[in-house]
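Subject: The structure, with notes

Hi there,

Here is the structure I promised to pass on to you. Have a look at it first, and then read on for my notes.

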Amino acid sequence: MKNAANMDTKPFEGIKILDFTMYGAGPFTVNYLSYFGADVIKVESRNRPDGCRTIGPHKDGVADLEHSAYFAYSNPSRKHGITLNLNKPEGIGIAKRLASWSDIVVESFVGQTMEKWGLGYEDLRKINADIIMLRTCVHGQTGPLARQPGFGNQLTSLSGFNSLMGWPDRTACGFDAQPFTDHLAPLFCIPALIAALDYRERTGEGQCLDISQHEASIQILAPLILDYAINDRELTINGNRKENAAPHGVYRCLGDDRWCAIAVFTDAEWERLREVMGSPPWAGESRFSSLSGRKQNEDELDRLLGEWTITHTAHEVMELLQGAGVSAGIVANASDQARDPQYAHYDFFQEIEHPAMGKTSLFHGPAFRMSKSKPAVTYATMLGEGNEHVYHEILGLSREEIERLKRDDVI
């Protein structure tokens, strides 16, 4: 990457990105380059802004495009937000000029959408010969499902994750429509972009990266797919239980809907758990003295253990058991996460002044730290906030021309 050898600069300083992505996977990918120096232009339109702007919760209950906590969470890095109407010929012309300025173009539309606008990879190569294009949508750019639209919440189900969660006597409960796969795809997109940048630096050539979020997500389920392929065996959902541990589950504790997870794998750990509980008579019964016995009597074991945990707070149970060498951890709610001392130690959640929302601690940086490069965490760009900078300073349009483009609904 440019200036990468100079450790006083950020590793992606000098890299210019034209970002057509929305919602989760695309912005999460671009954020990591933006945190560490990349110059990003985020493209939206007033008719079709990033859909995350409409998703709550909204600060102070104000449901407008600049009060979405979720959009702030998804875009806490330096981006020049512009409005550009790609359904106007002049809008496409401007997009091509911006592609000429860019090192990387990132998009997450359904397959072949960019081709419809004349902004596909082959089109962009004619404008910028060494351009790198990252395309990440649900099914990729080719194949029978390439034109099928979708979001992370549907893909989480399609990939099989929702079938893994639940109880043996009930229908699988899944992730409650959460877009889990939006957090998996960037793990493949980011290193692919870095590899493409390295390749271009060595050869002078760009390339197109077609990353199917479905294929990326399915990697996480490889052991289950292999078990089916080799043993013709499907996973049986079994709640919180595990075949080589007992007790193994979450147990209700003192307080409103507070729980603690406990996992005991060995008889030695069971003995330590007994001691923490004060060695109640039932825990000394022979039926609980071995793993096989505890598994055979697991329903009763869970009930009796729950009678002890309900008399303590979740934090008390966790601290008592961890202190004795037994695996335990609270089932954390949002309040626990926001006040977590480890997050505070790393300054993970940061209070930043937002032009519309005021001071808020919704902003966070990357999930790692670099010893010689600090991430640039900022408030999420306002809709069209970067229009003046991009259209006037980067493209050199006069302010009169910019006003005309506004009147003509191009920007």
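Below is what I found, going from the whole chain down to single residues.

Please keep in mind that this is a predicted model. The chain holds 17 helices and 11 strands. Its C-alpha trace spans about 85 × 50 × 45 Å along the principal axes. Of the 411 residues, 46% are buried. If you take the contacts in the chain with a separation of 6 or more, residues 24 or more positions apart account for 66% of them.

**The nonpolar cores**

The largest nonpolar core has 30 residues, and the members that touch the most others are Phe20, Leu84, Ile94, Val105 and Tyr391. Which elements each supply at least two residues of this core? They are β2 (39-44), α3 (89-101), α5 (121-127), α16 (387-394) and α17 (399-407). The largest share is that of α3, with 6 residues. Apart from this core lies another one of 27 residues, including Val30, Val40, Met357 and Ala380.

Beyond its neighbours within four places in sequence, Phe20 is in contact with Val43, Leu86, Ala95, Val105, Val106, Glu107, Phe109 and Met114.

**A pair of helices**

Two packed helices are described by the angle between their axes and the distance between the axes. For α1 (residues 25-35) and α7 (residues 186-203), the axes come within 9 Å and cross at roughly 45°. The two helices are therefore oblique to each other, and the crossing is right-handed. On the α1 side, the residues that meet α7 are Ala25, Phe28, Thr29, Tyr32 and Leu33. Their counterparts in α7 are Pro186, Cys189, Ile190, Leu193 and Leu197.

Asp302 sits in helix α12, which covers residues 298-309. Is Asp302 buried or exposed? Its relative accessibility is 18%, so Asp302 counts as buried, the cut-off being under 20%. The side chain of Asp302 makes a polar contact of 2.7 Å with the side chain of Tyr251. Setting aside neighbours within four places in sequence, Asp302 is in contact with Arg241, Pro247 and Tyr251.

Not counting residues up to four places away in sequence, Leu304 touches Trp282, Arg287 and Phe288. To give you a sense of scale, the C-alpha atoms of Leu304 and Gly24 are separated by 43 Å, and these two residues are 280 apart along the chain.

**A threonine in β5**

Thr136 belongs to strand β5 (residues 132-137). With a relative accessibility of 1%, Thr136 counts as buried. What does the side chain of Thr136 reach at 3.4 Å? It is the backbone oxygen of Ile211. Leaving out neighbours within four places in sequence, the contacts of Thr136 are Glu107, Ser108, Cys189, Ile211 and Gln213.

**Backbone points to check**

Most residues other than glycine have a negative phi, and most peptide bonds are trans. Here are some places that depart from that.

- The peptide bond from Gly56 to Pro57 is cis, with omega near 5°. Pro57 is in the loop between β2 and α2 (69-74).
- Ala246 and Pro247 are also joined by a cis peptide bond, with omega about 0°. Pro247 is in the loop between α9 (222-231) and β7 (248-252), and is one of the contacts of Asp302.
- Gln112 has a positive phi, near 75°, although it is not a glycine. Gln112 is in the loop between β4 (104-107) and α4 (113-116), and at 29% relative accessibility it counts as partly exposed.
- Ser279 is another non-glycine residue with a positive phi, of about 50°. Ser279 is in the loop between α10 (267-276) and α11 (291-296), and is partly exposed, with a relative accessible area of 39%.

Happy browsing, and do write back with any questions.

Best wishes

Definitions and conventions:
Residues numbered from 1 in each chain as written. Predicted model: local features only at pLDDT ≥ 70, side-chain atom pairs only at ≥ 80, totals over all residues. Heavy atoms only, no water. Core = buried A, V, L, I, M, F, W, Y, C linked by side-chain atoms within 4.5 Å. Buried < 20%, exposed > 50% of the residue type's maximum accessible area, 1.4 Å probe, protein only. Helix = DSSP H or I, 4+ residues; strand = E, 2+ residues; numbered from the N terminus. Contact = heavy atoms within 4.5 Å. Polar contact = N/O pair within 3.5 Å; in protein donor to acceptor, adjacent residues only side chain to side chain. Axes fitted to C-alpha atoms, helices over the stretch in contact; angles between N-to-C directions. Parallel < 35°, antiparallel > 145°, perpendicular 65-115°, else oblique. Left-handed = near helix turned anticlockwise from the far one by under 90°.
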